Structure formats: structure tokens, C-alpha cells
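Work through the exercises below with the sequence and the model at hand. Each task is followed by a solution in steps.

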Amino acid sequence: MSSTGSRHATSAAPAGDVVVAVRDVHYVAGGRPIFAGLDLEVRRGRITAIMGPSGTGKTTLLRLVTRQIAPARGQVTVFGEDLSGLGRSEVYALRRRMGMLFQNGALLTDMDVFENVAFPVREHTDLPEPLVRLLVLTKLQAVGLRGAAQLMPGELSGGMARRVALARAIVMDPEILLYDEPFVGLDPISLGFILRLIKHMNQALGITSVVVSHDVQELATIADDSYLISEGRVAAAGTPAELKASDSAAVRQFMTGGADGPVPFHYPAPDYATQLLEADER
Amino acid sequence: MTRLRPDTYVLGGLRRLGSVSIFLVQLLIQCVPALARPGLLVAQVYNAGARSLIIIMLSGLFVGMVLGLQGYDLLRRFGSEEALGIAAALGLLRELAPVITALLFAGRAGTALTSEIGLMRATDQLTAMEIMAVDPLRYVAAPRFLGGLIAMPLLTAIFSVIGLYGAQLVGVQMMGVDRGVFWSQTQGAVDLHDVNEGLVKSLAFGLACSLIAVHEGYHAEPTAEGVALATTRTVVASSVMTLLLDYVLTAVFL
């Protein structure tokens, strides 16, 4: 672990301020260890960035936090409740306080944009139709897609679908928002817009945000706390500036995008030349 | 190449049976709240039932016409052409209508159900519902299961009626069987027991086919290949289960 990672970004946080706490979590998928003693905390009202190379389990972490999967060992607490001890209805009650933006949007394909955003409202409240309409149009306006309310998900571009999904994620005013790779495939205008929106929702509404991404530059502009995950545990933690200033070779390699360094770019394989020659001989 | 051991095969089958049984119990629990959402239910009865009408009506007509031809040819050998109405009505009500409707249902509505739910799984729509604290079993699976269950007896009834008219078309219009004899003999020979047999069979087939279709879609691997495999399994399992249940129920009713 790097010098930066030797202490937690959240070490000074009072216990009541911790919204999500992951303690010594171990998780194995398909025989491959994803997490081996992962420890991290997300504090209320802050934007926490979870970074790491592809395949380090960033999305798996979100699945653990939303209790889609359970760790083999360790503890995950959300809003102070240990997820392992919760029944289905309690998990659902907890999820109503969360919002999640999926990488692909995950819009319901048999409904138009308006109905997609209205879906959680209709399912969880008995609000009159004019109020539902007001609420949905407000959220669609916030993501710049009020004019697309009648379009079907199949008619949207990837970036637009992600923005509709964001409107759906915030329509119930969650206390915590989880973003799974929110910047992938966005044009510069949408990217800047989403960045400002995340920041705005955090500052104006006090929504705690967890952003899982490997877009270091984008995250650095909005994150209050950052965790760099590598080889199943936190390799470094701190503010983005602290991570950038880290003297750890692994952290520097990730933050600057270097191909050479302790974090291997290539999946483990036999010697390149030997394998090519073997192919020739055959 | 690994050889499939018989015990593995048996264990796999038992595991699958257990999984379907647990899924059925979960579905039945969720059917109660699903019944309180008539809008969702009506939409699924429309999808499974109304959208299958054309194929059911066409098949019913042709099966009835074939029954008229074959029945007339057979009965004429014994000089009993007048019994064509009875033969067609009983054959359709008790056997052909429920079985063929179920097989067609598995091929049309069953595959549509499996691929729709499987694709919802593959595109994270079901996961998104779970994160929004909406149970996909209640919102997606239960209405589709109930829709299939309700649609099957209705489609079977339509198949029987159209099939009988098909048999009458051939027997009366083409072969010259007396119209009055055809209908009066049919009316006299068919009793409530025969109608009940067809109804019970269609309900049993509706339950089996809808359950298999929804289960396969819900548990499909979230890949293109996984959804394709699940769709194939729906047709195969539904067809085999329909024919197996048909034998059991026929034995019970006789």
C-alpha cells in the first residue's frame, strides 16, 4: 500500500457521517478473488470517487453496496445498517433511499422516456397525476431532455439514455447516488453537463455521491475523496490532489496513464516471442 | 471430452425441478398483489392471448377440416357418417384443442415471454427495478404468468369452436353429411364432463407453459446465447410437459 493509502481518506470523519462503510470485505467470483480485505468509507454529503483499472471490481463494489450480492467475508453497512442481517423488505426499504445510474442506462424498453422517469414515483407513491407530471418534467429539464419525453428508449443515443437514467435515479430525491461509469461514451458537452450536475446535486441538495470510474481527469475536478482499488484492496486513498502527488509508483502510473509500471497492462501470458515461434512451427 | 455421467444428469434434472418449484411458489405469492394491478394483467392477456389469435384460429380451422376429412372417411366405412359431429366435437374438446393450442402457445407466446424477460435481464432492466425497490417478480414475472394462465383456456375454447366449424365445413358442405344430424348428434353427445376435461387440461397446460416460459426468461444467462438457449428450452420443455400432462390428465378423466 502506498504512503497515501496508509491512512483512510475518511479517517477524520465522525462515525455518524459515514453513509457507506466497507470493512475487510472478501469476494470471489468464478474462482477469481475480486476483493481481499477491502476497506473504505463514504461520508455524507461528499463526492467519493472509486477508481481503478478495468476488472478491479469497481462495479462489483456497487453491487455489494446495493446488496445485489453478499461478500464471502467482511461487512458492508449502509446508513448504519449491516446489510448481511437484512431481509428482503428491509433491503428494499434501504434501496428506496438510494439511486443508481447504470453504465448502459437500463431504461425499461416498453415505456417512453416520461414513463421511465415516472416509474419509481408511480410504484412508490400515490401522487396525483398532475404532480407526477410536474416532478418528471422538472427532472427531465434538469438533464436537458424535457423535449424528449415522448421518445422511446430505442430512439435515444447512449448519452441521452444515460441522462434519462440519471433523471430517473434522482426523481425520488435519494440520499445517496451511485454512478457506474457515468462518463463512458459521452460527448464533451454531455460530459461537462453530467460533471456539473453531479456537483450541483451534491452542493445544492446535499446528495452523497459515489462515482465509479476510471476517468481520472474528470473525477479529479469533482471528487472530495478518492479511492484507488487495485488487486482486491484499496491501494491509495485521499483527495484527488493527494493521489496525484503520491510517491507510490502504482498510484502515479494509474493517475498519469502510464503503460509501464507495477500495474500490468497485459493479462498474464507466456513469452510473446516464444508463443509466436510456436505458432510458426505448427 | 467430458462424458455426461448419469448421476450428474439426474441431479441436474432434480435441481432444475426444485428451482422451478420454488419459483412457482414465489410467483404464486406475487400473483396476489399482481391481481390488484388490472392494467398490467390485461396487457399481458392481450400479449399472450390476443396476439396469438390468428395462429390459433387458422390452426383450429385446418385441424377441424382435416378431422372432418379423416373422420368422414373412417366413419363411412362403418356407415356412420352421421356420427362425424360427435367424433369431431369430442376429439377437439377433450384432446386436440387443448394440446395443439398449448403447443402453439409455447411456440408463439412462450418464446416471446422468455426472450422478452431474458433480454430485460441481459440489459439490466430487472436489476434496475430491484435497485428502485420494485420487485421484478411482482412487476414483470407474475403478470406475465397470470396472463398466460388466463389466455390459454380462452384460446383453447376459440380453437374448439373454429375447429368444429372446420369439421362441419368439410363434413356438411363438401361431403354431404346432413347439417341437422351433425349438430343434433354433437349437442346430444357432448356433456359437461367433456367440456370440463378440455378446460382442466387447458388450465394445466397454461400453468405449465407460462411457468416454464417465465422461469426460463427470468433465469436466462444475460447474453445473446443465453437468451437463445432459454428460448429453445422453453419450446422443448413446454412441449414435452404438455404431452406428459395430457397423458396423465386423460388417464384421470377416463
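**Exercise 1.** In this predicted model, find what percentage of the contacts in chain A with a separation of 6 or more comes from residues 24 or more positions apart.

*Solution.* Take the pairs of residues whose C-beta atoms lie within 7 Å. Keep the contacts with a separation of 6 or more; residues 24 or more positions apart account for 66% of these in chain A.

**Exercise 2.** Describe the secondary structure of chain A, and judge how compact the chain is against the globule rule.

*Solution.* Begin with the elements: chain A has ten helices and ten strands. Next, compare its radius of gyration, 20 Å, with the 19 Å that the globule rule gives for 282 residues; the two values are close, so chain A is as compact as a globular protein of that length. For the extent along the principal axes, the C-alpha trace spans about 70 × 50 × 35 Å. Finally, count burial: 40% of the 282 residues in chain A are buried.

**Exercise 3.** Into which domains is chain A divided, and how far apart do their C-alpha centres lie?

*Solution.* Domain 1 of chain A takes in 4-97 + 174-281, and domain 2 covers 112-173. Their C-alpha centres lie 27 Å apart.

**Exercise 4.** Characterise the contact between domain 1 and domain 2 of chain A.

*Solution.* Each domain is taken in turn: eleven residues come from domain 1 and eleven residues from domain 2. On the domain 1 side, helix α6 (residues 188-205) of chain A supplies the largest share, four residues. Sorted by residue class, that side of domain 1 of chain A has seven nonpolar, two polar and two charged residues.

Key:
Residues numbered from 1 in each chain as written. Chains lettered and ligands numbered in written order. Predicted model: local features only at pLDDT ≥ 70, side-chain atom pairs only at ≥ 80, totals over all residues. Helix = DSSP H or I, 4+ residues; strand = E, 2+ residues; numbered from the N terminus. Rg over C-alpha atoms; globule rule 2.2 N^0.38 Å. Buried ≥ 20, exposed ≤ 12 C-beta atoms within 10 Å, placed from the backbone. Contact = placed C-beta atoms within 7 Å. Domains from an automatic or database assignment. Nonpolar A, V, L, I, M, F, W, Y, C, P; charged D, E, K, R; others polar.
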